[in-house]
Amino acid sequence: MKDKILVLNDNPQEQNIIKNVLGEYEILVAQSYDKALEFLKKYSNIMLVFVDISSRHLNGFKLLSDMYQYPGPQSIILAETTDIENVKEGMKLGALSYMFRPLDGDALKSVMEVHIEKIDEYGFKIFNPRRAFDAVFDTAPIGIAMTLGKCPFVDINYKFLRTNSKFEQITGRKKEELLSLGWKDIITPEDFDEEVENCLKIHSGNCTIEKRIRKTDGSLAWVKMFVVSISNVFSSIPSHICFVHDITAEKMIEYNLIESERSKEVLLTHLPGLAFRCLNDENWTMLFVSNGSYELTGYYPESLLNNRDLSYNDLIAPEYRDRLRNEWDRCIKNHETFKHEYEIITAKGERKWVIEMGQPIYNDQGEPEALEGIVLDITDRKSVELNLRYYFEHDRWTHLKNRNVLEKHLYEDYMKGETVKRAVVGVNLGAMYFITLSHGFHYTQEYVRNIARALESLCTDNITLYNTYEYRFVFYIKGYKDKDEIALFCEKIKSTLDSVLGVERIGGGIGVVEIDKDNEYNVDLILRNLLIASERTVNGKPTEFEYCFFDVEMEVQMNREKDIQNDLNKIATTNRNDDNLFLLYQPIIDLSSNKIYGFEALSRLNTKKYGVVPPLEFINIAEKTRLIIPIGVKIIRKAFGFLKKLENMGYGNVNISINISAIQLIYSDFAQVVMNIIDEMEISPDNITFEITESVYVANYDKVNEIIGQLRLIGIHIAIDDFGKGYSSLAAELGLQANCLKIDKFFIDSIMTTDPDKAITSDIISMAHKLGHYVIAEGVEHEEQKKYLVNCGCEKVQGFLFSKPVSEEEAVRLLIEMGTD
């Protein structure tokens, strides 16, 4: 039994996107709160609920509020980009995440990968990074808060999006209260003076700051916050996560050390760490060490005093020693207090993270005679921070750095003004998807790990490997000589992949983008061009790898498609009768009378930049972008307008044939839209033919047949276009409610080169007649073809023998000249 996904939504287009992307689940669509609740009561295997909160009549918020009664499914909000406040309200009611419109298939796939626990064939749950993140988030021993906005402090309109219980404890506020507040509401006003500078630090990646928080009882708590800027796949709004550690006790200790020497002994006795006084020498020779030394380091104070058994410098992890020395030198020179985090190695050989806070003690001559301070254990806090950062920066399966880190490195090298030659090489293994289908998820993931290890063997000091997406890897190369060196490296990648793939003979693409002054500032452009280059080669031989460099030609083609898409978008979003989209008409001849039976309407696009664009090109772009739906309606209106013109001229029996895209046909309101236009323009549906290709009904047979039935009921003719070019079966033909079959030009051309007794064109015509269809032959260019078709009983023909596609005016002239039945 398939797991189910419930969708509370009344938008048919979005429903279709969800159904198409999530085909492996059973999609339950509810267009009301009551229906959604009925599904929740009826089915126990609903895994996820998409809740539309934009349409008030759907009562999305009420459903979110009532879902606590059904603990199984989780919920994801669907909202407009302007619904920020509603999204936050939905999150308070327990929603797991959110998606903004327009709904995108790739983003939807990402949501499913992040939020749904998949089950393998043995019944084991596969690791879900989002659930792991939630577990760490909710049980962390430090406070954690998430916010939206360019800066969590300066952007005062953004409030807390999520907090954990430790954060509530630190702030002394309940979760419900916190979610209605922002940082500006709980941080003391005096601490806002440095926020602009802190915001700039956050934009560079992260920053550490200290603030005072006002509790509800009026008391203050000192906190140390490590703020990380994170990317959000569900929205273009920046996000931040803040790790909050209560340092009130530490601040009190620091304050008391400064304020009163008299209380030092009491403080040192109860100090949760190590207090010290030492010389400013190379060994940090200890003059005083508190009793907390043993718990922190595993050494008694006597072992460290005057370097009896070892010096404090010996405890410091080697990689931090120079850094610690430089920071103390800076603080001594500037008469500043000292604060630094580093690792020590205990007597048991364990590493611990510590924070050291102190200050220099100067003599009367202003020279430092000693250093005093405390060292506290922060290992637990650091562990949480490092684990969360690891999830943000690494792929779960291959443990390679991910796209976030690659983007960061590319940007940092640009900001440093890196002068060496740089390039990125992308490896596209999209065909691994088919291995997953045949062998399962775990088998594929192990394979990907092996591939990652093999590719890592190609890394050097100047070559770094990243796992940027599922089945995609990127090498970042610095300091290469020329293009030939990159080409040689691509050959090494091919050889490595050939050796590791073994019996699983799949192919893929390798793309290369060289980084120069024209693109180095735009990381998104670099990675987009890399994807284009790798996709260009991935469609080559199915079991081989090819590589190519991104070049001007690819960019030109990409820009051409973008320009055409912009032109189509203007046509789709304007109400005026745009002449850039126009129709030509090719006459269809009735062979029994040699008169015009009707015309096929053929769409054309005229652009300012490229002139007339071939139909196959702009129709393909329109279908990819779903602009075919509004543009298709415009084409229908133009064709119906010509039909109305002919009826007004007295040609009331001329047929107009229009090609219909699969996307148009299965759009939920297609039949109703057509009927509304027919009623509006007052034309006869008996004079209309819609042409559909075999591929349309093979992929969506039942749905297409249902819609065809609705159109046939009002008198519209349905023709199967390009018959024989696709892969339909006679069984499908027999069950389809069409009444016309159009033979593809391939079979008409074969009449000129094949023995008439052996040509199968006559068999196709005979078969169509037995199915109750009349036949139109396309692409007739020779008299011999016409004679053959007449002898075979073909009813109608079209092609250059009679006329090429012509304008409306020329079509009317042909009608007057040739006549009609």
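Predicted model: local features only at pLDDT ≥ 70, side-chain atom pairs only at ≥ 80, totals over all residues.
I'll take the cores to begin with. The largest nonpolar core has 78 residues. Which of them touch the most other members? They are Phe640, Phe690 and Leu789. Helix H25, residues 628-648, contributes the most to this core, with 10 residues.

If we leave out residues up to four places away in sequence, leucine 789 touches Leu591, Ile748, Ile751, Thr761, Ile765, Ala777, Val780, Cys794 and Val797.

Now the sheet. In general, strands of a sheet pair through backbone hydrogen bonds, and the pairing is either parallel or antiparallel. The sheet I want to show is open, has 5 strands, and pairs in the antiparallel sense. Reading across, the order is S12-S11-S15-S14-S13. Why is one side of S12 and of S13 left without a neighbour in the sheet? Strand S12, 286-289, and strand S13, 338-345, stand at the edges and each has a single partner strand, so there is no neighbour in the sheet on one side of each. From one strand to the next, the twist averages 25°.

For S13, look at strand S14, residues 351-362: the two pair antiparallel over 8 bridges. Within S14, tryptophan 353 is the bridge partner of glutamate 343.

Last, a helix. Helix H17, residues 379-393, packs on the sheet and touches S13, S14 and strand S15, 368-377. The direction of H17 makes about 120° with that of S14.

Key:
Residues numbered from 1 in each chain as written. Heavy atoms only, no water. Core = buried A, V, L, I, M, F, W, Y, C linked by side-chain atoms within 4.5 Å. Buried < 20%, exposed > 50% of the residue type's maximum accessible area, 1.4 Å probe, protein only. Helix = DSSP H or I, 4+ residues; strand = E, 2+ residues; numbered from the N terminus. Contact = heavy atoms within 4.5 Å. Pairing = 2+ DSSP bridges. Axes fitted to C-alpha atoms, helices over the stretch in contact; angles between N-to-C directions.
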